[in-house]
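Good morning, colleagues. Please turn to the model on the screen, and I shall take you through a few of its packing arrangements.

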Amino acid sequence: MKAFIGYLNQIAQNTERNFGEYNAQINWYHSYKSAYLEDRRQELFNSAGTITEWKFANTKPYLNSLSKGCQLCGEGEWSCLFITGKCNANCFYCPAPQIEDGAPQSQKLLFSDPEYYVEYINRFGFKGVSFSGGEPLLYFERTLEFLKQVKQNCNSVIYIWMYTNGILASDEKLKALGEAGLDEIRFDIGAVNYNPKILKNAAKYIANVTVEIPAVPHEKEQLLQVLPQLCEYGVTNINLHQLRLTKHNASKLLVHNYTILHGEQPTVAESEITALEIMQFVAHEKLPLGVNYCNFQFKNRFQKAGYRRKMATVFKHETEEITENGFYRTIEVIENDRSWFISLEQLAAIPLVFDKIKICYMGRVIENLTGNTEGRSFNLMGQLYHIDEGLATEPIVLQGENIQFYLEMMRDGGNNILLQPQLFNAWRHEFVETEMRDFY
């Protein structure tokens with residue numbers, strides 16, 4: 001575990017460095033002064049009935065049920081199209097500026113025409129599609145046209161949902177969305193001071209109605225008070241996100257003096273506690289709601305790995321294999337002045353024959369083609385995109401017994417985190433990290 005602890009310490013140092021301009025205002029988590037938060041968290045994890053199941057390597061706890069959209073997201077089968085970057089709400093917790101309109105985009109790829117997005121979905125075989133923003137209802141006709149095109153022409157798609165703050169969710173628009181094939185609509189009622197009336201009629205037109213909001217500690221009681229009414233209006237699921245600190249929302253979020261956790265991106269410890277307390281309340285009151293806690297660790301691991309694996313279905317080279325974490329792996333045997341590629345299976349069959357191997361992990365995604373970008377391009381209906389590729393880490397050279405240790409790690413499915421730095425580096429690129437980390 002020493003290598004893993006060193007890895008987490010490096011993440012913590014990077015996080016504090018990236019937010020250096022705010023460090024005087026940030027109440028960073030420290031175990032000696034914030035241990036009570038970890039104690040409360042474990043108490044809630046262990047509370048009977050609060051969590052009925054864990055999904056995705058024990059990173060997503062939920063109660064009662066998990067929507068089909070959330071399931072597809074965790075499986076890496078989901079594409080989210082941001083219809084616009086503009087929003088008509090002013091939520092203090094929003095991680096992005098939300099002030100500019102632009103062409104719809106997904107993974108930073110621009111799709112000015114629904115046909116290009118349809119081709120993208122079909123080429124990579126996504127099974128779920130969502131429409132987000134900004135606020136999609138600000139540009140309703142645009143949203144509706146993309147929805148119709150996906151529903152009618154994306155053969156692989158089995159489920160479509162949309163995110164909204166509900167401010168513009170008139171019966172007319174909800175009816176049109178339902179008729180066009182929207183399977184689920186998700187309302188951020190935190191944007192409207194937890195007023196449930198914005199979704200009162202949604203269930204008349206759309207089969208699945210969800211409330212999806214950040215778990216805001218100082219607004220918990222407002223949410224708890226409206227939960228029974230949400231049930232009356234046909235809401236079946238509550239998705240609770242973890243508050244995240246960004247440079248955009250820092251000035252508004254930090255005034256609440258929350259405890260900020262270190263991580264690949266900083267998050268709020270009390271937000272996690274709040275999400276679990278809401279789950280506990282729903283369980284105690286026996287409300288007919290599915291509640292899941294969509295924390296940053298789940299998103300950072302499974303959404304990224306899922307997208308990498310989707311790209312790999314199209315861009316894998318013959319000598320490459322795809323790791324669980326979505327990276328392209330090559331294993332090269334080095335012997336005197338010769339070298340050749342072998343598969344992991346071949347290496348495992350005769351490991352002691354080889355004295356030295358080189359393992360390379362690659363990343364490969366597509367991006368909009370700009371200027372005179374060198375390298376390969378990818379064609380979608382005549383529109384070219386640049387294939388951005390490169391090493392995900394420096395090549396890992398293993399010799400002697402470390403080859404055997406690597407193979408043991410692979411046979412063990414990554415459950416054993418090795419101390420040797422190169423083997424630990426291989427572990428990070430082979431496997432998706434399991435379990436939720438302790439607060440740090």
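Predicted model: local features only at pLDDT ≥ 70, side-chain atom pairs only at ≥ 80, totals over all residues.

Helices H2 and H10 are roughly parallel to each other, because the angle between their axes is roughly 25 degrees and angles under 35 degrees count as roughly parallel. H2 covers residues 31–46 and H10 covers residues 269–285, and their axes come within 10 Å. The crossing of H2 past H10 is left-handed. On the H2 side, the contact is formed by Leu37, Arg40, Arg41, Leu44 and Phe45. H10 contributes Ala269, Glu270, Glu272, Ile273, Leu276, Glu277 and Gln280. Sorted by class, this contact of H2 with H10 holds six nonpolar, five charged and one polar residue.

Let me turn to another partner of H10. Helix H8, residues 220–232, packs against H10 at an angle of about 25 degrees, and the two axes lie 11 Å apart. H8 is therefore roughly parallel to H10. Here, however, H8 passes H10 in a right-handed crossing. Lys220, Leu223, Leu224 and Leu227 of H8 meet Thr274, Glu277, Ile278, Phe281 and Val282 of H10. That contact of H8 with H10 comprises six nonpolar residues, two charged and one polar.

Finally, a single residue. Is glutamate 184 buried or exposed? Glutamate 184 lies in strand E11, residues 184–187. Its relative accessible area is 0%, and since buried means under 20%, glutamate 184 is buried. Beyond its neighbours within four places in sequence, glutamate 184 is in contact with Ser67, Gly69, Tyr159, Ile160, Trp161, Met162, Ile206, Asn208 and Thr210.

How values were computed. Residues numbered from 1 in each chain as written. Heavy atoms only, no water. Axes fitted to C-alpha atoms, helices over the stretch in contact; angles between N-to-C directions. Helix = DSSP H or I, 4+ residues; strand = E, 2+ residues; numbered from the N terminus. Parallel < 35°, antiparallel > 145°, perpendicular 65-115°, else oblique. Left-handed = near helix turned anticlockwise from the far one by under 90°. Contact = heavy atoms within 4.5 Å. Nonpolar A, V, L, I, M, F, W, Y, C, P; charged D, E, K, R; others polar. Buried < 20%, exposed > 50% of the residue type's maximum accessible area, 1.4 Å probe, protein only.
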